[in-house]
Number of protein chains: 2
Amino acid sequence: MVERRKPIKVSEAIERVMQYAKEGDVSYVPIERCYGQFLGEDLIADHHVPPFDRSPYDGFAIRSADTVSATRANPLAFEVVGEIGAGSTFQGTVDSMQAVRIMTGAQIPEDCDAVVMFELVKEIMNEGTAYIELKRKINAGDNISFTGEDTRKGTVLVKKGTYINPGVVALLATFGYKEVPISVKPKIGIIATGSELLELDEPLQPGKIRNSNAYMIYSQIIRAGGEPVYLGQFSDELETCYNQVKDALDKVDFLITTGGVSVGDYDYLPAIYEKLGAHVLFNKIGMRPGSVTTVAELDGKLLYGLSGNPSACYVGFELYTRPVIRTFLHSYHAYLKKEIAILGADFPKPNPFDRFVRGHLTYQNGRMVATPVGLDKSNVVSSLAEADILIVLPGGTRGFEQGMEVSVILLEDQEGTTLIEFNKPNVNIRRSRPKHG
Amino acid sequence: MVERRKPIKVSEAIERVMQYAKEGDVSYVPIERCYGQFLGEDLIADHHVPPFDRSPYDGFAIRSADTVSATRANPLAFEVVGEIGAGSTFQGTVDSMQAVRIMTGAQIPEDCDAVVMFELVKEIMNEGTAYIELKRKINAGDNISFTGEDTRKGTVLVKKGTYINPGVVALLATFGYKEVPISVKPKIGIIATGSELLELDEPLQPGKIRNSNAYMIYSQIIRAGGEPVYLGQFSDELETCYNQVKDALDKVDFLITTGGVSVGDYDYLPAIYEKLGAHVLFNKIGMRPGSVTTVAELDGKLLYGLSGNPSACYVGFELYTRPVIRTFLHSYHAYLKKEIAILGADFPKPNPFDRFVRGHLTYQNGRMVATPVGLDKSNVVSSLAEADILIVLPGGTRGFEQGMEVSVILLEDQEGTTLIEFNKPNVNIRRSRPKHG
């Protein structure tokens, strides 16, 4: 008996899933371990930058009032009364017509209000005393980086939920975050279904293939910022499967199963959802691949029933699981960036529904070029390793030609975007050169 | 006494460093831990894909010879003698005018040579026996995915040194790599120098700043694929520093120091190189920032003397250390990708030397837009968190305007490129619309 399912739109499916997205906890790790994680709280400046008035160059600190009458014809001499290396301060006083040699980054002496660069003065020695000769007027404040001019204490520098890259780490160090607040990663369970699946160390058998989806999803979870927990394969027996899912739900924040969601003869995940009393958010989406992608919810926990087909499984994860993970990590940009690219090869298949094709991104004179991977049969397997985008081909189109503009979803980008940006209209059939560019 | 140094070109500096680049070892990790690492050996297909003749659709396996006379006017009936789910095989024989129901992915029975899709037949029951009715001729080989048609056993699917993404993991699983050969990461020591530096947990003091470079470099090393080892700060005393460097070299594959390479009054790294008997490859490069970037070599081990200035330190690492790390990881694409983008803001400073400006990448109608970060003083600190490119402004130019084309180095890309591609000429002063494009 084949069940009839009513397909919903991709945007509607995302909306239904995101109603159950929630934010996770925050914990602290030593700064050495924060790279590649996500900020758990806003990064706030704990002091002014610069923390004191300092010199941006090597030069001489002086009192600008002393320089008023300096001209080329009438150079003035200043006695050099000391020097300040970076990290040290000048302890004495600087009187009229005196100067202090100062290194880049060092603190301006209290009596001084300007710095003259080395290149503008002539150094002279006179009876064992060092002088500099200056041929022009210097204004108060010249060559001084003033306290707080780069950043005021208390400023929010990086928002919580941001991916921590080397620049963020530099800021964390500057502001004394020896321990860094990071977003706790959601634990995501994976169960593989399908009686044709062998584990990796099993020898090949007639009719069977190795379980690659579970490990693919495992890596997609890490890339998205989650913590994968592989729970093994489903048993062949309904009651046992039911118990597997029930037990799994106690241990994880979300659960992903791969396979078992079609309406074919051997798929019984729908029965398990029913027995659990889970609320099925949808079980049919107007998209290819992955039309049978199913998401259910039980006590606020999401259960993802991704397709057993590798492409469908891959796409379903990126569209419906990734934004939930990023929300858990407190991201303001939970969605993957969607941009415009030129199609690098013909894609002749008609698209009655929105199609998401794995592709590879290259660049040509500053334009992005998106080429579907795996179109050529003799290359279908290895080319999957190159996938770094999803090419979005809107439904109701008759195939695409090389050179047309298409929307692409950037899979390796860590910055992300908002739902509004993600939902902006896809490029439809347009030629390479946009009218407004 | 200020030493005179002769600046060399960036490409020449890279070439000198790369003469000492060497490949590292290979070790094995469980497949669950390989994501984000680098393949230590070529990934090779250990079996044909598909491993057996299989059905790409749900349908009925038949013997095509039986269908020759089938037409719309003269439909033929085939007895359904069994069914095959994915993962199982058909054990019986299929005789003339018989068919076997077959699921997607299942193995074609030995006697059959074609599959008819569900949609093309009518299923009928006659006295308890199931039949299908077929109205057209089917050719031998129709709807069969033949053994090895996607990939032949022994094919190299992914080259060693490749960054392991979810697609690569799927391939590793498909071909039974329960343990994955990965490139052992080089150990890279970091020593921070500068008497103005405070550790992160020290309270701020007049004239001093916190040590952010060491942690920034620490994260850049991880991003590049290395294993950072923070060895603390240099002492203020030459003999002790010398011993610190000497000890460090025994523990690491490369050593990075930050600061201490200028010809200023307080820098003594050059003295340490001399005392070690290290061969200085260069100590002056025609670039900004980072002109004092110094690299020395001792017994084949590279010692990087990066500038104490944060931007210079950042840039020096990406240009001169990263390709050495990627070579250690066996990459054929050890260099960062360099592409063309539109400048998103004026950059009025003249460039007597090649300039590398940290910037942020955005997209506009499929074109990449590169905007320098930290130009606006009130934003200089926080904007560093956004840096994901280096904008290359060639020497001998008088400043750049918004809308001009510039070369950009993509810092977050993991695919990389070759030296030849990296060295292709930079974009010079050209307007937004290329003549050939």
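Q: What makes the contact of Lys337(B) with Asp413(B) a salt bridge?
A: The closest N and O atoms of Lys337(B) and Asp413(B) are 3.6 Å apart. Welcome to a predicted model, where local features need pLDDT of at least 70, side-chain atom pairs count only at pLDDT 80 or more, and totals for chains, interfaces and linings use all residues. Residues are numbered from 1 along each chain as its sequence is written, chains are lettered from A in the order in which they are written, and side-chain values use heavy atoms, without hydrogens and water.

Q: Why is Glu239(A) called partly exposed?
A: Its relative accessibility is 38%. Buried means under 20% relative accessible area, exposed over 50%, and partly exposed in between (1.4 Å probe, protein chains only), so Glu239(A) falls in the middle class. Lys275(A), at 41%, is partly exposed as well.

Q: How do you know that Glu239(A) and Lys275(A) form a salt bridge?
A: Their side chains meet at 3.3 Å, N to O, which is within the 4 Å limit. Glu239(A) lies in helix H4 (residues 238-251) of chain A and Lys275(A) in helix H5 (residues 269-276) of chain A, so the pair ties together parts 36 residues apart in sequence. Helices here are DSSP runs (H or I, at least four residues), numbered from the N terminus.

Q: What makes Arg223(A) and Glu318(A) a salt bridge?
A: Their closest N and O atoms are 3.1 Å apart, again within 4 Å. Both Arg223(A) and Glu318(A) are buried.

Key:
Helix = DSSP H or I, 4+ residues; strand = E, 2+ residues; numbered from the N terminus.
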